[in-house]
Amino acid sequence: MIDGIRFRPRAGVLSRLIFDTPSLHSRYIEKRLRWQAELVPVIRARLGKGPGRPAPDTQAKAIVATVFACVDTATELWAGHDGRIDLADLYDQCLAAVRDHG
C-alpha cells in the first residue's frame, strides 16, 4: 500500500504490459523524457549556487533523471511482485542504492 492506496490488479497489469512490451515501453520512455525536460528548469531554479557545485544544468538533469530511473525501477519491481511489496519502500530502496554508490 502506498499513501492509503492498495495495489490494483489493473494498475499492475498495465505496468507489466508497459515494461514488457517494447513498443509501449519505448513510447513511455519518450513521454518520460519530455516530462524530464519540463522538470529540469523547475529543479534548476530551486538549486542554490555555491562554490564547488556542479553547473545547475548538470545537477538538475542528473537529479531529475535519477528520480525517474528510481520511479521506473520501483514500479517495475512492484508490478512484477503483484503489489505485494510497498511501492514507496521500493522507491526508497532505489534512492538509497544510488546514494550509497561509490
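**Entry 1: the second largest pocket**

I looked up what lines the second largest pocket in this predicted model. The lining is made up of Ser15, Ile18, Phe19, Tyr28, Trp35, Phe68, Val71, Asp72 and Thr75. I then checked which elements give two or more residues to this lining, and they are α1 (9-20), α2 (22-46) and α3 (56-80). Which element has the largest share of the lining? That turned out to be α3, with four residues.

Next I sorted the lining by class and got six nonpolar, two polar and one charged residues. For the space inside the pocket I noted about 170 Å³.

**Entry 2: α2 against α3**

Two of those helices pack on each other, so I looked at how they sit: two packed helices are described by the angle between their axes and the distance between the axes. For α2 and α3 the angle is about 140° and the axes are 9 Å apart. Angles over 145 degrees would count as roughly antiparallel, so I wrote this pair down as oblique. The crossing of α2 with α3 is right-handed.

Which residues meet here? On the α2 side I listed Tyr28, Arg32, Trp35, Gln36, Leu39, Val40, Ile43 and Arg44. Facing them in α3 are Pro56, Asp57, Ala60, Lys61, Ile63, Val64, Ala65, Phe68 and Asp72. By class, this contact has eleven nonpolar, one polar and five charged residues.

I also compared my two lists: Tyr28, Trp35, Phe68 and Asp72 are in the pocket lining and also in the contact of α2 with α3.

**Entry 3: α3 against α4**

I followed α3 to its packing with α4, a helix of residues 87-100. The angle between α3 and α4 is about 135°, and their axes lie 8 Å apart. Parallel, perpendicular or oblique? I put α3 and α4 down as oblique to each other, and their crossing as right-handed.

From α3, the contact takes in Thr66, Val67, Cys70, Val71, Thr73, Ala74, Thr75, Leu77 and Trp78. From α4, I noted Leu87, Leu90, Tyr91, Cys94, Leu95 and Val98. How many charged residues does the contact of α3 with α4 have? I found no charged residues there, next to twelve nonpolar and three polar ones.

Definitions and conventions:
Residues numbered from 1 in each chain as written. Predicted model: local features only at pLDDT ≥ 70, side-chain atom pairs only at ≥ 80, totals over all residues. Heavy atoms only, no water. 1 Å grid on protein atoms, 1.4 Å probe; cavity = no way out; pocket = protein on both sides within 12 Å on 5 of 7 lines; lining within 4 Å. Points joined across faces, edges and corners; volume = space filled by probe spheres on them. Nonpolar A, V, L, I, M, F, W, Y, C, P; charged D, E, K, R; others polar. Axes fitted to C-alpha atoms, helices over the stretch in contact; angles between N-to-C directions. Parallel < 35°, antiparallel > 145°, perpendicular 65-115°, else oblique. Left-handed = near helix turned anticlockwise from the far one by under 90°. Contact = heavy atoms within 4.5 Å.
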